[in-house]
Amino acid sequence: MTDDHNQSAFSSGFALLWRRQCALWWIFAVNFACGLLGALPGFMAVRRGMGHSLAAHELTHRFDIGMFVELLRLPDVHLTSFTSASYVFVFLFFVFMLFVTGGVLETYREDRRLSAGEFFAASGAYFWPFVRLMLLSIAPFAIVGMIYQGLDKIADRVGDQAIADQVGIFMGWGAMAIFLLLALGVRLWFDIAQVRAVAQHEHRMWRNLWRSWRITWQGVGGLYGMYFVISLLAWITICLGLWIWTMLPATATGAVFLVFQLIVFLQIASRLWQLAAAMTWYKRHAEMLPVPLVPYPTPMPHDGVSAEPSPTLADIVAQKTAGDFGAANPAGTSPAGAQSDPAPPRDSDPELPPPGSHLK
């Protein structure tokens, strides 16, 4: 049953992403604009430097890392002086993604196209709670980073003492793999916290974080597998795109540009796929877990049946059993020699008697 739910969330999350792809295209457009504005100063500097350098000929026909390094050493190029603009636009895109995450999750929760006012209202409503959640995530990610540093030092120590040089290299790769797996688990935990905050309209992030931990831990098998597969597909697209880039000639600037933009687009799509799959899983499966979410009022009885009867309702049921519900005589007894009339047909949804009407 759990595997079916997880498989359904995996495929249904992709279907949800496809139906609500408008958010994907808008995010990609903002990313493209930020990347263009951040890279423009460095591009102009390299262009001026290549006009007066012999490295331009080599870099025009093929990419030569040695010539590229020599080009960067020119006083007219000196790209390090233009990196501050790139950092500014990277930060702006990060803040933008943090802002629109609430609107994207609200779109996935309702599974409909929100108006601009509804989308930005949801984004603004959850921006500061998500900022607090992001600050809370620093500690778990720092712990994962310290674990990686410890494993990397152990790998270096073992590699220095081992006879074969490959031992240290393989252990270093193993430490990196453990780091990525642990970081993916932390990312999953905080994604479920974001999903639950939107689904339950929760703004208290401490309580939301711990309840999301319980939900994540109880469904960790399917949830982690789902996130791992999506992340693996994202890594495969990166490697495939870079391999295609190495096969292209340096003169095919248009093809190279399209390949890199396709890589970026697929990375954004995989991230939104994770959020859509997490929201789908939460709506279908989280309510089945024994985790207290939001207390709801006790449902009113329907057709005289109540799932959780309160004492007042129990008294009403007892009166109906005794045959005195709606009778003229409160005691439920008929006069001697009188034939009791048949009970009138009762309404499918009767109103409750006023409190205390069954008491003498």
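Asp-111 is partly exposed at a relative accessible area of 29%, where buried means under 20%, exposed over 50% and partly exposed in between (1.4 Å probe, protein chains only). The model is predicted, so local features need pLDDT of at least 70 and side-chain atom pairs count only at pLDDT 80 or more, while totals for chains, interfaces and linings use all residues. Residues are numbered from 1 along each chain as its sequence is written, and side-chain values use heavy atoms, with hydrogens and water left out.

**Salt bridges**

A salt bridge is taken as a side-chain nitrogen of Lys or Arg within 4 Å of a carboxyl oxygen of Asp or Glu. The count by this rule is 11.

| Pair | N to O distance |
|---|---|
| Arg-19 and Asp-111 | 2.9 Å |
| Arg-20 and Asp-111 | 3.3 Å |
| Arg-204 and Glu-202 | 3.5 Å |

Asp-111 has Arg-19 as a salt-bridge partner, and Arg-20 as well. Arg-19 lies in helix H1 and Asp-111 in the loop between H5 and helix H6 (116–125), so their bridge ties together parts that are 92 residues apart in sequence. Helices are DSSP runs (H or I, at least four residues), numbered from the N terminus. Arg-19 is partly exposed, at 43% relative accessibility. The bridge from Arg-20 to Asp-111 also links distant parts of the chain, 91 residues apart, with Arg-20 in the loop between H1 and H2.

In the pair of Arg-204 and Glu-202, Arg-204 is exposed at 54% relative accessibility, whereas Glu-202 is buried at 5%. Elsewhere, salt bridges that share partners join Glu-106, Arg-109, Glu-110, Arg-112 and Glu-118 into one network.

**Aromatic pairs**

Rings of Phe, Tyr and Trp (its six-membered ring) pair if their centres lie within 6.5 Å; planes under 30 degrees apart count as stacked, over 60 as edge-to-face and the rest as tilted. The whole structure holds 18 such pairs. Phe-28 and Phe-265 have ring centres 5.4 Å apart and planes at 90°, so this pair is edge-to-face. Phe-28 is in helix H2 and Phe-265 in helix H12, 237 residues apart. Phe-28 is buried at 15% relative accessible area, and Phe-265 is buried at 16%.

The rings of Trp-189 and Trp-210 are tilted, because their planes stand at 45° with the centres 6.4 Å apart. This pair links helix H9, which holds Trp-189, to helix H10, which holds Trp-210, 21 residues apart. Trp-189 is buried at 11%, but Trp-210 is partly exposed at 49%. One aromatic cluster is formed by Phe-99, Phe-119, Phe-120, Phe-127 and Trp-128.

**Core and surface**

A nonpolar core is a set of buried Ala, Val, Leu, Ile, Met, Phe, Trp, Tyr and Cys residues joined through side-chain atoms within 4.5 Å. The largest has 55 residues, and Ile-27, Tyr-108, Met-226 and Leu-272 have the most contacts inside it. Elements giving two or more residues to this core include helix H1 (2–19), helix H2 (22–50), helix H11 (220–247) and helix H12 (253–285).

Ser-270 lies in helix H12 and is buried at 12% relative accessibility. Leaving aside neighbours within four places in sequence, Ser-270 is in contact (heavy atoms within 4.5 Å) with Ile-230 and Ala-234.

On the surface, Leu-181, Phe-228, Val-229, Leu-232, Leu-233 and Ile-236 form a nonpolar patch with about 480 Å² of accessible area together. Such a patch joins nonpolar side chains (Val, Leu, Ile, Met, Phe, Trp, Tyr) within 5 Å, from residues with over 30% relative accessible area and no salt bridge; accessible areas come from the Shrake-Rupley method with a 1.4 Å probe. H11 gives the most to the patch, with five residues. Val-229 lies in helix H11 and is partly exposed at 35% relative accessibility.

Definitions and conventions: Patch = residues over 30% accessible without salt bridge, like charges linked within 9 Å, V, L, I, M, F, W, Y side chains within 5 Å.
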